[in-house]
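Below is a brief report on selected local features of one model. It covers an annotated site, peptide geometry and backbone angles.

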Amino acid sequence: MTAAPEPRADAPVHTGPDAGVAPTLRAPEKAAAGVDFDVCGVMAPKDYDALLLASFGGPEGQDDVIPFLRNVTRGRGIPDERLEEVATHYRANGGVSPINAQNRALKAAIEDELAARGLDLPVYWGNRNWEPYFPDTLERMHADGHRRILTVTTSAYSCYSSCRQYREDMGMAMEQTGLTGKVDLDKTRQYFNHPGFIEPFRDGLRADLASLREELGDDARIHVLFATHSIPTSDAAAAGPRGLAADLRAQAGAEPGEEGADVYSAQHLDVAREILAGVPEAADVPWSLVYQSRSGPPSVPWLEPDINDAMEHLAGEDAETDAQGRAVAGFVVVPLGFVSDHMEVLWDLDTEARQTAADLGVGFRRSPTPGTDPRFVSGLVDIVEERLGRREGRAAAGCFPAWYDVCRPDCCTKVMRDGTVRPTTSAVDADVRGLTEHEAGTAPAGRTEEG
Ligand SMILES: CC1=C(CCC(=O)O)c2cc3nc(cc4[nH]c(cc5[nH]c(cc1n2)c(C)c5CCC(=O)O)c(CCC(=O)O)c4C)C(CCC(=O)O)=C3C
Ligand SMILES: [Fe+2]
């Protein structure tokens with residue numbers, strides 16, 4: 001048995017939206033004519049005939065909880081004790097995840113926005129882990145006559161769980177339903193850096209800082225925690241297209257394993273800075289990027305520090321005071337990793353982290369996620385309009401350009417425990433294995449890869 005590594009409790013502390021070394025992506029190369037994507041991952045506009053809102057899914061009652069958790073963790077070796085533990089989060093809420101109601105509301109908001117723009121594009125909803133499942137939704141869409149489907153997911157960043165796993169589950173659903181080759185199934189770009197995703201967080205941070213200052217006094221030391229989902233460090237290292245993490249490390253001077261040395265944490269740091277750049281009231285407030293909702297065996301390293309460990313480190317008995325001799329008096333938590341206030345937010349932040357703050361005797365605020373904020377909804381529809389060829393330019397804030405419509409070679413790869421690589425949609429992996437990136441641009445999009 002190898003001992004599990006000590007969890008890291010401290011997070012690098014930053015002040016202000018200091019840009020650091022801005023990473024840039026490789027200069028785009030243009031693909032050969034006649035293909036519908038180029039090496040930069042921009043897909044030529046298509047006349048899509050339906051939208052698929054793709055999400056995680058969640059249980060609708062106590063009887064659904066364990067079957068849902070088995071779906072989520074199938075084949076990934078999450079210990080039963082962890083499932084029982086996570087089940088209690090859902091059980092405390094009547095066995096109901098808030099995520100389905102949130103997705104119904106988001107779907108309705110997208111429909112309204114499409115209608116307001118005169119776009120006649122029916123919206124369907126499907127999930128990875130609960131009803132309505134992808135295969136059922138895709139069969140329905142096909143039966144309703146749709147052949148060119150554009151998917152919008154409720155996941156903003158790049159990593160296996162937030163991007164590729166969606167594409168794989170859609171690829172599996174296409175094979176399972178026999179729709180491969182009969183239906184075009186594309187996916188919108190990851191939108192972590194779209195202004196419509198970022199702006200709502202600014203309002204939340206501004207309001208929560210003000211309210212915490214009102215409670216604690218203007219001189220109180222406040223620390224902002226930008227919280228996202230932890231992932232295995234191996235997933236973080238593999239996030240984004242092949243080679244990009246190495247480019248980032250070279251440009252940012254970060255060592256492997258350090259914050260910003262992988263695409264996942266670099267995207268989050270950049271969004272944190274962009275949120276701060278729009279909140280002058282937070283200019284002098286120290287902040288950190290922290291992680292939540294770790295699972296999996298302790299022997300497998302995940303991104304750290306955990307939010308609770310970081311709070312303890314920053315505000316516990318052994319914490320250091322600042323130059324004015326002040327201890328941390330309160331935390332504002334900005335859940336920048338999430339799209340809606342689902343169970344991971346309600347439990348891990350509003351229940352656990354809030355309790356940690358209470359135990360430490362410090363103030364606590366948790367800012368809202370974008371949810372159905374009109375700016376967020378409008379941003380998603382802007383991205384849809386990009387893909388329909390109805391919109392010039394691809395809005396993107398911060399130091400990364402607009403992300404890829406078509407995932408780049410080896411993007412967020414994960415080899416399954418049984419050694420297989422699963423089919424995907426919206427990617428070029430199979431086509432470029434063993435080829436140069438440029439040659440990849442001549443291969444047809446959407447082919448499946450064999451393990
Ligand atoms: C990056 C990321 C996001 C953010 C991006 C996005 O939003 O997509 C996310 C979202 C979510 N994660 C969710 C729930 C769960 N995630 C789990 C497990 C895992 N998540 C992972 C990563 C992520 N997860 C990983 C690497 C695992 C372990 C391996 C695996 O099994 O893949 C487990 C299993 C039990 C456990 O926690 O160990 C559950 C129940 C819900 C639904 C909440 C609700 O019901 O309201 C949502 C939106
Ligand atoms: Fe990806």
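## The annotated pair

E344 sits in helix α11, residues 343-360. Helices here are DSSP runs of H or I with at least four residues, strands are runs of E with at least two, and both are numbered from the N terminus. The model is predicted: local features need pLDDT of at least 70, side-chain atom pairs count only at pLDDT 80 or more, and totals for chains, interfaces and linings use all residues. Residues are numbered from 1 along each chain as its sequence is written, while chains are lettered from A and ligands numbered from 1 in the order in which they are written.

The UniProt record, an unreviewed entry, places the annotation "binding site" on H229 and E344. They span 116 residues in sequence, yet no two of their C-alpha atoms are more than 8.4 Å apart, so they gather at one spot. UniProt positions follow the numbering used here, feature names are shortened, and annotations may be inferred rather than shown by experiment.

## Surroundings of the site

H229 belongs to strand β6, residues 221-229. H229 counts as buried because it has 23 C-beta neighbours inside 10 Å. E344 counts as buried too, with 22 C-beta neighbours inside 10 Å. Buried means 20 or more other C-beta atoms within 10 Å of the residue's own; exposed means 12 or fewer, partly exposed lies in between, and C-beta atoms are placed from the backbone.

Which residues does H229 touch, not counting residues up to four places away in sequence? They are Q292, S293, G337 and E344. With that sequence limit, E344 touches H229, Q292, S293 and F338. Contact means that the two C-beta atoms, placed from the backbone, lie within 7 Å.

## Positive phi

S293 touches H229 and also E344. S293 lies in the loop between β7 and α10. Its phi is near 60°, a positive value in a residue other than glycine. S293 is buried, with 23 other C-beta atoms within 10 Å.

C412 also has a positive phi, near 55°, and is not glycine. The loop between α12 (374-387) and α13 (429-432) holds C412. C412 is buried, with 28 other C-beta atoms within 10 Å.

## Cis peptide bonds

E131 and P132 are joined by a cis peptide bond, with omega about -10°. P132 lies in the loop between β3 (123-127) and α4 (134-143).

Another cis bond links E304 to P305, with omega about 5°. P305 is in the loop between β7 (286-292) and α10 (307-315). The loop between β7 and α10 also holds S293.
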